[in-house]
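Please keep the sequence and the three-dimensional view at hand while reading.

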Amino acid sequence: MRLDVVSIFPDYLRPLDLSLPGRAQRNGLLDVRVHDLRDWTGDRHRTVDDTPYGGGAGMVMKPEPWGAALDELLAAPGAAQRPTLVVPTPSGRPFTQAVAAELATREHLVLACGRYEGIDQRVVDEAAGRMEVREVSIGDYVLNGGEVAVLAVVEAVVRLLPGFMGNAESLTEESHAAGLLEYPVYTKPASWRGHEVPEVLLSGDHARIAAWRHEQSVARTAERRPDLLHPARVVATGTELRLA
Ligand code: ADE
């Protein structure tokens, strides 16, 4: 998989050379390139932002450097015919395990790190004519920019690449793989500071263990993430949102 990351803080993406993505690069599964958006500015100050049309607080990232960056990355040797543009933004669709699994099937991702109040919307609108575009949010909170979100997205995607994880079973067992949170896990010693490992896990009875784990997953999900068990279907009807 090829990854092009564009940011005004390329150093922020250094962790991509460490840990999981670093290993994937050394294995040849991943080709990561980090670019400085300011390399596509044309003025002395290397300006990437300007005031918002319509007024309001903060600054908006200008479309021209982004347009030039995408033009060059799409024309570069080794670029896919139609790469996927991932734009992390608090106003994106939720970035879920299912989205990570979908992105893991793509040959070429371009990840655009916004800063300030975001990127001029025309960048995404124009890119949609030549790329698959995914505006994603990693959670209901606001970060200062897309860099940390890109690190999260890349790690979630890369560990799903075929041939990456040593233990493929741990991918199917983990939280969110089946729409449930993972059951609690334990290791030796069986007794620690007065806390015991649940007896069933010492029984060697695989059917009982599987049933216990499933129960624990359901109970944990009901308590911590009831929304995963009973997702309310929200539908848009014109300008109004209602529960279906
Ligand atoms: N950029 C700023 N906040 C973000 C969030 N919550 N998710 C993705 N990108 C972001």
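An unreviewed UniProt entry places the feature "binding site" at Gly114, Ile138, Gly139, Asp140, Tyr141, Val142 and Leu143. UniProt positions are given here in the numbering of this text, feature names are shortened, and annotations may be inferred rather than shown by experiment. Residues are numbered from 1 along each chain as its sequence is written. The model is predicted: local features need pLDDT of at least 70, side-chain atom pairs count only at pLDDT 80 or more, and totals for chains, interfaces and linings use all residues.

A residue counts as near a molecule or strand if its C-beta atom, placed from the backbone, lies within 6 Å of it. By this criterion the residues around the ligand are Pro88, Thr89, Pro90, Ser137, Ile138, Gly139, Tyr141, Val142, Leu143, Gly146 and Ala149. Strand S5 (residues 84-94) supplies the largest share of this shell, three residues. Sorted by class, the shell has seven nonpolar, four polar and no charged residues; here Ala, Val, Leu, Ile, Met, Phe, Trp, Tyr, Cys and Pro count as nonpolar, Asp, Glu, Lys and Arg as charged, and the others, Gly among them, as polar.

Tyr141 is found in the loop between strand S7 (132-137) and helix H5 (147-158), where helices (H or I, at least four residues) and strands (E, at least two) are DSSP runs numbered from the N terminus. Leu143 lies in the loop between S7 and H5. Is Tyr141 buried or exposed? A residue is buried if 20 or more other C-beta atoms, placed from the backbone, lie within 10 Å of its own, exposed if 12 or fewer, and partly exposed in between. Tyr141 counts as exposed because it has 7 C-beta neighbours inside 10 Å, whereas Leu143 is partly exposed, with 17 other C-beta atoms within 10 Å. Leaving aside residues up to four places away in sequence, Leu143 touches Val148 and Ala149; contact requires C-beta atoms, placed from the backbone, within 7 Å.

The strands lead on to the sheet. An open sheet of five strands has the order S2-S1-S6-S5-S7, with parallel pairing; two strands pair if DSSP finds at least two bridges between them. S2 and S7 are the edge strands, each pairing on one side only. From one strand to the next, the twist averages 25°. Strand S1 (residues 2-7) and S2 run parallel and are joined by six bridges, and Val6 stands opposite His35 in S2. Helix H5 lies across S1, S5, strand S6 (108-112) and S7, running at about 115° to S5. Axes are lines fitted to C-alpha atoms, for helices over the stretch in contact, and angles run from 0 to 180 degrees between N-to-C directions.

Some backbone features remain. Most residues other than glycine have a negative phi, and most peptide bonds are trans. Arg46, in the loop between strand S2 (31-36) and strand S3 (49-50), has a positive phi of about 55° although it is not a glycine. Arg193, in the loop between S8 and strand S9 (195-196), likewise has a positive phi, of about 50°. The peptide bond from Lys188 to Pro189 is cis, with omega near 5°.

Finally, the protein chain has eight helices and 11 strands, and buried residues make up 26% of its 244 residues.

Terms used: Contact = placed C-beta atoms within 7 Å.
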